[in-house]
Amino acid sequence: MHKKIFRSSLLTVCLVLIATIALIMGFLFHFFEKQIQAELANEAGFLAQAVENEGIGYFDGFDDKNSRPSRNNRVTWIGKDGTVLFDSRVDASELDNHADRDEIKTAMKDGKGMSTRYSKTLTEKTVNYAIRLSDGSVLRVSTEQYTVITILMGMLQPILITISVALILTLALSARVSKAIIEPVNRLDLDVPENNDTYEELTPLLRKIANQKETIEEQLADARKNQKEFNLITENMSEGFLVIDADANLLTYNSAALNLLEITPPADRSVLLFCRAKEFRGVISDALSGIRAEDIMARDEHSYSLIANPVFEGETVIGAVVVILDITEREKRDTLRREFTANVSHELKTPLTSISGFAELMKAGDVPEKDVVDFSESIYDEAQRLITLVNDIIKISELDGQSIPFESEPVDLYELSKEVIGRLENEAEKRQVTFHLIGDRAEIMGVYKILEEMLYNLCDNAIKYNKENGTVDVLVNQTGDSVNVIVRDTGMGISPAHQGRVFERFYRVDKSHSKKVGGTGLGLAIVKHGAMYHHAKISLESTVDVGTAITIAFAKI
Ligand code: ADP
């Protein structure tokens, strides 16, 4: 702006200067021309009078300085027929007929005539004034005058000096003036546009700026609020969330997406650069070509479900929204479920095959009379095994799916242990195992049925995997903020290699021994699920041939 004002004022001054010089010169030139014309008319009048009186004889003393008003002017006397009778500069006989000259023609016709003729170079001009005498002859007085070009050429130096001085002055003044004009504009405080004391002409503009500022502030506040809401929603999502543009550059994301993909993306970079997984690139490419895409991506130990939706503006895809879900747990559960189904089928098949085999033999009459009872007993045992297995499957399914709502109540673990031991007394006697219940009353909030099942399984295992004349100690105590039940036996123990796996479904250290003692492989799995249901912690300590102690620690009420 400063430069523009400076340039404009400079240009204006230059133009005004040139126009002024041109006008002054024009006026001056015009003035002098009129002056010359008047002088010529005067002189012509005076000479005409003299020639009228004295005839050609007047020109005899023509060189005399005092006999004529101006010695420089050329005087020509032309006869009625155009013949030059006298000329003050050239011999009259050398001059051709002047009858066709404009000023002569006009003078002959109207009494006086005037003309102006330019030299070929336009540097000189001749002004002629002719007056008709009484005898019809014409007297002409001519004078040379400088043309505009001659004057310009002659005045060039002073003109240039004037223009230069004017330019220097203008440069200095323009710089100061433009600075003075700009200064109040520079001093404007646009934070409070209407509080400025400046040019009146700027008031509407400042008012407009103030209004726009207000609108922008409102829009910004709205945008910030929306952004905050958006961040609040996306940041509280456990799902990863990415928004990309049509070139796959990242526009928005939540931290869950970064955590799931284990990336720290720099701004404005293609998502394809920081996650090169085939499935990820696939869904992005499909979404950017306008197709909704889903896939599962495996990374390290995790499985992710990728869902990419294209974002359209009219017909054009302008980007995509990608949602990433960690489905590791779901996938694991699916695998476990599949394994469980396969195991269940297998576990059910064995007793059923035995039952079917025995029954087939009996049906064919191939079993001798004396063996029928043994066969029937075998069928009965296998059927019992099946019932136990099915019951265990039902229990674990109930706990696993938590489909049946259980009701919690205060349960005294000491009383419960006493009852469970009572139920197992016969079994313990059969195997010559002695129970000791140690401890005191200890109440927790829990589901009686599940707790009973858990304790039963632990005590049952402590008998099943015990030695002859072994003992089982059931301890109920309270430590810190937990209530503990410990079932400790003096049995065969579990080697460290198996200790981590005995809580898995159908996992047995010694399958044939487990079957022989009536195990289903689900006892400890039920204990684990029961503990999970009660948010209790299980720990196992075991030494081969010494014994096993399993502790369940419940939170105090
Ligand atoms: P099972 O019905 O076979 O007993 P469990 O789930 O109760 O199934 O136990 C899984 C396996 O852990 C058993 O097969 C057994 O090998 C081992 N086990 C469980 N409890 C004990 C224990 N007290 N002493 C030694 N081994 C045990």
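Predicted model: local features only at pLDDT ≥ 70, side-chain atom pairs only at ≥ 80, totals over all residues.
The domain assignment divides the chain into domain 1 (2-154), domain 2 (190-234), domain 3 (237-326), domain 4 (331-398) and domain 5 (407-555). The centres of domain 2 and domain 5, taken over C-alpha atoms, are separated by 73 Å.

Helix α8 comprises 36 residues, 328-363. At 1.5 Å a residue, a helix of this number of residues should span 52 Å, and the 51 Å between the end C-alpha atoms of α8 agrees with that value. Six positions can be listed as the buried residues of α8: T328, F340, V344, E347, P351 and I355. The C-alpha atom of T350 lies 8.9 Å from that of E382, although 32 residues separate T350 and E382 along the chain. Just after α8, G365 adopts a positive phi of about 75 degrees.

R140 is placed in strand β5, which runs over residues 138-146. With a relative accessible area of 3%, R140 counts as buried because the value is under 20%. The side chain of R140 takes part in a polar contact of 2.9 Å with the side chain of E103. A polar contact of 3.4 Å is also found between the side chains of R140 and S142.

The ligand is surrounded by 19 residues, of which N461, Y465, S514, T520 and L524 are the closest. By residue class, the shell around the ligand consists of seven nonpolar, eight polar and four charged residues. Two helices, α11 (448-464) and α14 (523-533), each contribute at least two residues to this shell.

A backbone N or O atom of T520 is found 2.7 Å from an oxygen atom of the ligand. The side chain of K464 places an N or O atom 3.3 Å from a ligand oxygen atom. For T548, a polar side-chain atom is 3.5 Å from a nitrogen atom of the ligand.

Technical notes:
Residues numbered from 1 in each chain as written. Heavy atoms only, no water. Near = heavy atom within 4 Å. Polar contact = N/O pair within 3.5 Å; in protein donor to acceptor, adjacent residues only side chain to side chain. Helix = DSSP H or I, 4+ residues; strand = E, 2+ residues; numbered from the N terminus. Nonpolar A, V, L, I, M, F, W, Y, C, P; charged D, E, K, R; others polar. Expected span 1.5 Å × (residues − 1). Buried < 20%, exposed > 50% of the residue type's maximum accessible area, 1.4 Å probe, protein only. Domains from an automatic or database assignment.
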